[in-house]
Amino acid sequence: AKGLTRDDNPKLYRMLENLCISRGMPTPKLAILQSDALNAFASGVNEKQFTVTVTTGLLNSLDDREVE
């Protein structure tokens with residue numbers, strides 16, 4: 001998986017940030033995995049390591065509401 005910044009994918013980063021703000025939690029790192037699979041997962045053992053990873057297949061197949 002490749003880590004993403006706000007500049008790499010502003011829409012996806014903003015979506016994650018808004019979800020975290022609405023739930024009162026810190027925004028984790030964001031990564032994208034080149035795969036046709038429809039998948040997303042969170043990993044990490046503490047707030048400094050938390051990462052949300054999303055596959056390209058999921059982003060290409062679902063609309064924004066479904067991704068969120």
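Q: Between which two strands does the loop that holds Ser35 lie?
A: The model is a predicted one. In it, Ser35 is a loop residue. The strands on either side of this loop are S2 (29–33) and S3 (40–43).

Q: Is Ser35 buried, partly exposed or exposed?
A: The relative accessible area of Ser35 is 24%. Buried requires a value under 20%, and exposed requires one over 50%. Ser35 therefore counts as partly exposed.

Q: Which backbone nitrogen does the side chain of Ser35 reach?
A: A polar contact needs a pair of N or O atoms within 3.5 Å. The side chain of Ser35 comes to 3.1 Å from a backbone nitrogen. That nitrogen belongs to Ala37.

Q: What is the C-alpha separation of Ser35 and Gly57?
A: Along the chain, Ser35 and Gly57 are 22 residues apart. The C-alpha atoms of Ser35 and Gly57 are separated by 5.7 Å.

Q: Is Thr53 buried or exposed?
A: Thr53 is part of strand S4 (residues 51–55). Beyond four places in sequence, its contacts include Ala31, Leu33 and Phe41. Its relative accessible area is 5%, and the limit for buried is under 20%, so Thr53 is buried.

Q: How far apart in space are Tyr13 and Leu30, C-alpha to C-alpha?
A: Tyr13 sits in helix H1 (residues 10–22). Tyr13 touches Leu30, along with Thr5 and Arg6. Tyr13 and Leu30 are 17 residues apart in sequence, and their C-alpha distance is 7.2 Å.

Note on methods:
Residues numbered from 1 in each chain as written. Predicted model: local features only at pLDDT ≥ 70, side-chain atom pairs only at ≥ 80, totals over all residues. Heavy atoms only, no water. Helix = DSSP H or I, 4+ residues; strand = E, 2+ residues; numbered from the N terminus. Contact = heavy atoms within 4.5 Å. Buried < 20%, exposed > 50% of the residue type's maximum accessible area, 1.4 Å probe, protein only. Polar contact = N/O pair within 3.5 Å; in protein donor to acceptor, adjacent residues only side chain to side chain.
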